[in-house]
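This report describes the strand pairing and the nonpolar cores of the structure shown below.

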Amino acid sequence: MSEPTTPEEVTRYLTADPSRRPELYRDYRSGLAAMVSDGHLDEADEAVRGSISVDVPYSTLISLHKVLQGLRADRNGESPADTIRVALLGSYTTQQLTWLTDLFLFSSGLQVDIYEAEYGVFRQEIMNPDSALYRFQPHLVVLLTGYRDVAHFPSIGDSLESVSGVAEAELESWKKLWDLLYQRLGCQIIQNTFAVPPWTVLGHLEQRVPSATGNYLRRLNRGIFEQAPAHVVVHDMDALAATHGNWEWSDERFYFDAKLPCAPQLLPVLAHSLVSLILAIRGKSRKCLVLDLDNTLWGGVIGDDGMGGIILGHGDAQGEAFSSFQQYARRLKDRGVILAVCSKNDDNVAREAFESHPEMSLKMDDITSFYANWEDKATNLRRIAQDINIGLDSLVFFDDNPAERALVRRYLPAVAVPELPEDAAGYVKVLETHRFFETVSLNREDLERTSMYAKDARRQALMTSATDMDEYLASLNMKAIVEPINDVNLERISQLINKSNQFNLTTRRYSAAELQAVRDDPDWVARGYRLLDEFGDNGLICVVLGHLKGEALEIDTWLMSCRVLNRGVEEFVMNHIYDTARDSGVGRIEGQYLPTAKNSMVKEHYARLGFVKISESANGGTSWRLDIGDGQRTWKNSIEEGVQ
């Protein structure tokens with residue numbers, strides 16, 4: 001492992017657990033200033049990114065935002081390519097929240113341009129087509145509102161039927177706002193639920209009286225979840241407030257004095273929660289939880305104590321805490337989070353617990369990649385990412401040992417490494433607080449992800465034993481199903497577009513709202529491709545978006561899951577694109593390659609398919625053309641088109 005070239009005081013701060021960082025902050029700032037004065041702005045950017053966490057106190061985060069503003073000024077306004085325009089509208093004072101949102105998005109590798117509306121004029125901004133909001137043209141609008149913005153309330157004593165009518169009228173007023181934003185901007189919207197106030201007029205009777213304030217607001221919140229269309233993502237601010245204590249969250253001194261949405265010390269929690277949804281929309285949530293074993297999944301050291309001596313399961317408070325954490329990890333796996341193991345242990349000893357211990361909730365079938373050896377954990381984490389074919393920035397490393405956490409933070413800064421409490425009873429809270437695995441949709445591919453990776457391993461084993469590649473591909477009995485964008489696959493297609501980085505010709509990102517507009521435009525060709533074979537359904541593995549312009553079909557987006565590389569999918573899709581272009585009456589197909597840090601593998605993609613290069617830009621981007629001939633052209637593959 002090569003030694004980082006960052007000043008030691010910066011490295012010391014970044015590798016320390018968050019609880020130790022306040023005492024190191026002054027030296028960290030000095031080291032950061034030295035990096036800037038030496039012209040190491042990229043390194044300084046990375047150092048700031050690594051220092052941002054929801055664990056960091058409010059005052060430190062505000063200080064870090066000032067540092068970030070200074071770095072941007074030193075760059076003379078230079079902006080990274082991955083910029084997202086976010087409009088923050090609401091009925092609160094949002095300046096500090098805007099700073100924190102900017103900071104958390106920056107820490108995740110996104111450059112954000114935020115439009116902050118004036119206090120309390122969100123309805124006027126949305127309804128006025130000439131407002132500054134529409135001149136800003138945001139990709140995403142956040143509606144940060146509270147129960148004081150509810151216009152229709154029932155009277156105490158109103159019947160259930162009357163309360164239902166009032167609630168429906170209130171929901172209709174919000175749906176009109178959503179519709180206006182979507183019609184005029186085609187953007188994604190984040191709408192929060194209403195944080196129910198901590199006070200009750202009816203006490204414990206509140207939930208039995210439909211017209212009571214808390215009961216009615218919860219009815220509205222349920223209606224928001226149930227009636228929000230695909231282009232509206234719901235942020236559950238009511239649950240967030242309850243998690244952190246309703247009285248503390250809704251400390252009304254700060255509302256009356258400054259119109260803040262919550263107490264100042266909880267503003268980082270609110271900003272981080274909103275950002276977790278924005279990242280999920282943009283496909284930047286983490287994908288894999290990498291678990292240590294000793295004192296992380298069970299108490300004790302299995303190599304010393306033996307399988308019978310580890311602390312796990314019923315009859316012991318600590319053992320029950322470890323079991324509870326395992327059950328939580330299993331639920332994460334069941335909803336699509338990949339689980340891996342990275343432990344300093346003998347492999348056979350470590351596996352024995354999964355295979356034989358009666359109190360283990362996690363089994364070997366739940367683990368996609370398993371490394372138990374005596375090598376350093378940074379090396380094994382690289383292997384895990386390679387095995388699963390994901391980036392290091394998709395990993396969360398969960399280890400009770402502070403020294404191991406420091407090593408991974410030092411050598412693999414892209415890996416998320418949360419601080420763990422000494423008591424395993426707090427482990428679940430760590431993952432919940434950091435929201436590493438936030439999602440805005442749940443589909444069949446998510447639920448079957450671990451199974452899909454297991455089947456990939458069986459395919460790989462078959463390929464390794466095959467003596468002829470064509471024979472191997474034919475033996476898979478592959479069938480591809482071509483799907484237009486529809487209500488069933490819309491969110492999955494959006495998810496794949498926003499997560500795919502390697503086999504992605506242009507890396508353009510589209511939200512569900514933007515895909516709805518593409519779907520409804522007759523000049524666009526939008527297709528998803530599913531692949532089935534001898535081992536089962538691979539799920540949605542490819543997306544192509546093409547725009548019919550004049551005499552050409554311009555390929556705007558072509559991406560594919562790397563799990564199905566070298567199986568003829570590219571050739572099958574090319575046949576389908578060619579047939580679509582010919583049937584549309586155009587004379588040529590055009591495509592672009594726009595280089596990023598991760599997609600060099602498709603640099604020659606169009607060349608391999610017989611396209612002719614027509615231009616090349618200074619940054620390595622290329623444009624390609626394929627003329628439609630009079631006869632039928634085919635690209636050889638072993639895939640049949642299936643029927644949906």
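**Antiparallel strands**

Glu590 stands opposite Arg625 of strand 16. The model is predicted, with local features requiring pLDDT of at least 70 and side-chain atom pairs pLDDT 80 or more, while totals for chains, interfaces and linings use all residues. Residues are numbered from 1 along each chain as its sequence is written, and side-chain values use heavy atoms, without hydrogens and water.

Strand 14 (residues 588–593) pairs with strand 16 (residues 622–627) in the antiparallel sense over six bridges. Strands are DSSP runs of E of at least two residues, helices runs of H or I of at least four, numbered from the N terminus; pairing requires at least two DSSP bridges. Strand 15 (residues 612–616) is also antiparallel to strand 16, through four bridges, and Glu616 faces Thr622 there. Five residues separate strands 15 and 16 in a hairpin, and Gly620 in the turn has a positive phi of about 95°.

Five strands form an open sheet in the order 2-1-3-4-5, with parallel pairing. Its edges are strand 2 (111–116) and strand 5 (232–235). Strand 4 (residues 188–192) joins strand 5 over four bridges, with Ile189 opposite Val232.

**Nonpolar cores**

A nonpolar core is a set of buried (under 20% relative accessible area, 1.4 Å probe, protein chains only) Ala, Val, Leu, Ile, Met, Phe, Trp, Tyr and Cys residues joined through side-chain atoms within 4.5 Å. The largest has 58 residues, of which Tyr28, Ile190, Trp249 and Leu270 touch the most other members. Helix 13 (residues 267–281) supplies its largest share, ten residues. A second, separate core of 40 residues includes Leu473, Ile541, Cys542 and Leu553.

Definitions and conventions: Buried < 20%, exposed > 50% of the residue type's maximum accessible area, 1.4 Å probe, protein only.
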